[in-house]
Amino acid sequence: MIGAVLLLLLPILAGGVTYALRRWRGLPALLAAAISFALGGALVLLPLDRPITLLGREIMLGGEAELLGRTLSLGPQAQPVLAFLFLTGGFLFLFAWRLEPEGLLAPLGLALLGLLSGVLLARPLIYSALLLQIAATLSVFPLQASPRAPVQAGLRYLTFCTLALPGLLISHWLLDIYAVTPDPPLLSTATALIGFSFALLLGAVPFHPWVPAVGRYGEPLASAFIFSISSSAVWFLLMAYLQTYPWLAGYARWTTTLMTIGVVTAVTGGLLATARRGPGALMGYAVMVDSGVLLVMLGQATRTGVTLGNTAVFARAPGVVLMAAGLMGLREQSGGEIWKPEGMGRKAPWSTVAFLVGGLSLAGFPPTAGFAPRWGIYYLLFRTRPWVSLLLLLASAGVVVGLLRLLHELLSRPPRLRGEEGEKEPPPPTEPEPKLLTVLLIIGLIGVIGLGIFPQGLAAAAAQAGAGFILPGP
Amino acid sequence: MDTILAFIEQYPFITAMPSIAGLFVALGMLLLSERWQVHVLALIVLYFFVGLLHTRVIRPEVALVKALMGWLICLALHVTGRYIDQHRKEGARKAEETVKSVAPRYRWLPPLPPDGPLRSLVLLVTVVLAYAAAVYFPLPQIPRDLGMACYLLAVGGLLLVGMSESSLRVGIGLLVFLSGFDLFYGALEPSLVVTGLLGAGNFLLALAMTFLAISQATVEEKGV
């Protein structure tokens, strides 16, 4: 039963190897993508409950394994989540191969995948919290890989994640005490600590400043890693908490609290998205809206709500990855990190389309990957709480407004061509977008739209991931 | 090791209020000064006293390892501080005129920041908050004075994080906050794996912050 150990250690070791290969431009990213796809594919295709033969030895992928005296458990619930993490990582590394061949994302991203697997596999949950903190710290290096970028992204992300750690660790101890001497104040304190820690980790208002900062100042692909893979790990860790301590969802003010925080986060994100703060920040605000919607769904405390939330988490990844790849493509085409969006839509049409379609997917616009779960969420809420549904729709509309404003800038003529002198000058020579990047972006676009038209795969994986939760509702 | 333990056994009072006073001095150095050399010295002092306080709740060997890990972090911060200083001096040499024009007028004054009075007030508030918290919300499983030390470090760390935009200072604030938490959590969870993972997390945090500090220095230099 070494499947769980393999998923934790292999990516970390492979990350070290790929880091050593950094002198060969692009090779680490390709190797990281291959390993990620291999592990993700293995999780999708191989059975957990039957032995398989690997290098002449029979091994069981599923079940429990021991590492340093601690239990790592790989069950049918964790299987689709881990497969999703590794496959998303594979796509990110593939884009990194073309857009960031000398970056730190590939080697460190691979190690991060191992650590985040550990977050989902390790029991008891204090080890998950500690591994999550280490993963958050390691994320800073690829996030701030550019020596010219302001450091706010890494600084804020690390600060908020570090402040979340004590709550998770102490709540675990409080709950152990509660099991021996049931004392209601212990339970209230533990609930408050868990809620506070996850609010920090998910970027709920008022703990949201790290989300737009990561989008705005961080390397786009590393930001996408945090918004898709790390955030998913946080979400499923929260699910694990709910599974381990089912009374959390039975807390008297559970629905009201989560719904209020969720709506405020989504509306704040939607309002801020309409402001002109650059495409990176727009990605952050779109993620805030999505996180708000997730919290509202969790507040439903029903199986349908959790399944829809899981589907939305899975659907977030293709949108964010495509958005980040489009942003990187736009930056590369403009020839530097400090760039003006004016006219870039004509110079880099595929990157522009990728950024917009990714953004629309995050806003839940049809026919993209984000649409199916959002539609289900609005439908579910409209019957019971129409105002909440309307507010979430308006928040998503804020993201679409932000995208339209950016599109207007991207398609407008550059300022120097508008002036009298500029009009006399011939337009600067533009190089077409690299073919390989275009192919990757087109594959991404097909994927995002394909998942929007055929969301059954995502929904089935989300249902499997949420199957074991004990929830009061249907 | 035996000598240290024998010393602590002979003079057990040093692991009580004198250690908390030491932490207060270290926090004062961190809050009132802007020089990285003073910060590193303050952290060395802080980890020493935190190590002493640790001996009351965990095995002395583990406390020593924690202190050593803290001093290793100080070494990393020292190397970073020197690197940034060297970087800035090179930049200043290029713009020698500017440096002359902003040279301090009163060289005999100690290197205190212009907002020194406010920082002194913050230090005072930290102590008051820590004392009040230790009295009204005593931490379980540990003596009250140890609880006050935990609160002192946690509140001081948080205020350090909140009062600065500099990566190095924010990083030091987070490390101080975590050392306060570690002092409390060490008493609750004696597991060596947890201790190891917390230590690894602290060390990685210090590395990440030094990385960010160097990036910030590069950005500021290019901005100038």
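Let me start with one residue pair: Leu72(A) stands opposite Ala122(A), which belongs to strand S5(A). This is a predicted model, in which local features need pLDDT of at least 70, side-chain atom pairs count only at pLDDT 80 or more, and totals for chains, interfaces and linings use all residues. Residues are numbered from 1 along each chain as its sequence is written, while chains are lettered from A and ligands numbered from 1 in the order in which they are written. Helices (H or I, at least four residues) and strands (E, at least two) are DSSP runs, numbered from the N terminus.

Back to the strands. Strand S4 of chain A, residues 70–74, pairs with S5(A) in the antiparallel sense over two bridges; strands pair if DSSP finds at least two bridges between them. The open sheet has three strands in the order S3-S4-S5 of chain A, with antiparallel pairing. Strand S3 (63–67) and strand S5 (122–123) of chain A each have a single partner strand, so one side of each is left without a neighbour in the sheet. Helix H1 of chain A, residues 3–20, lies across S3 and S4 of chain A and runs at about 100° to S4(A). Axes here are lines fitted to C-alpha atoms, for helices over the stretch in contact, and angles run from 0 to 180 degrees between N-to-C directions.

Arg123(A) and Pro124(A) are joined by a cis peptide bond, omega about 0°, and Pro124(A) sits in the loop between S5 and H5 of chain A. Another cis bond runs from Val205(A) to Pro206(A), with omega near 10°. Pro206(A) is in the loop between helix H7 (184–202) and helix H8 (210–217) of chain A.

Next, a helix pair. Helix H9 (residues 220–244) and helix H12 (residues 303–334) of chain A pack at about 170°, their axes 8 Å apart. H9(A) and H12(A) are therefore roughly antiparallel, the term for angles over 145 degrees. Among the residues making the contact are Phe227(A) and Trp235(A) of H9(A) and Val320(A) and Leu327(A) of H12(A).

Finally, the two chains. How many residues of chain A are in contact with chain B? There are 23, facing 25 residues of chain B; contact means C-beta atoms, placed from the backbone, within 7 Å. Helix H5 (125–143) and helix H6 (152–180) of chain A are the elements giving two or more residues to chain A's side.

Notes
Two residues are in contact if their C-beta atoms, placed from the backbone, lie within 7 Å. Angles under 35 degrees count as roughly parallel, over 145 as roughly antiparallel, 65 to 115 as roughly perpendicular and the rest as oblique.
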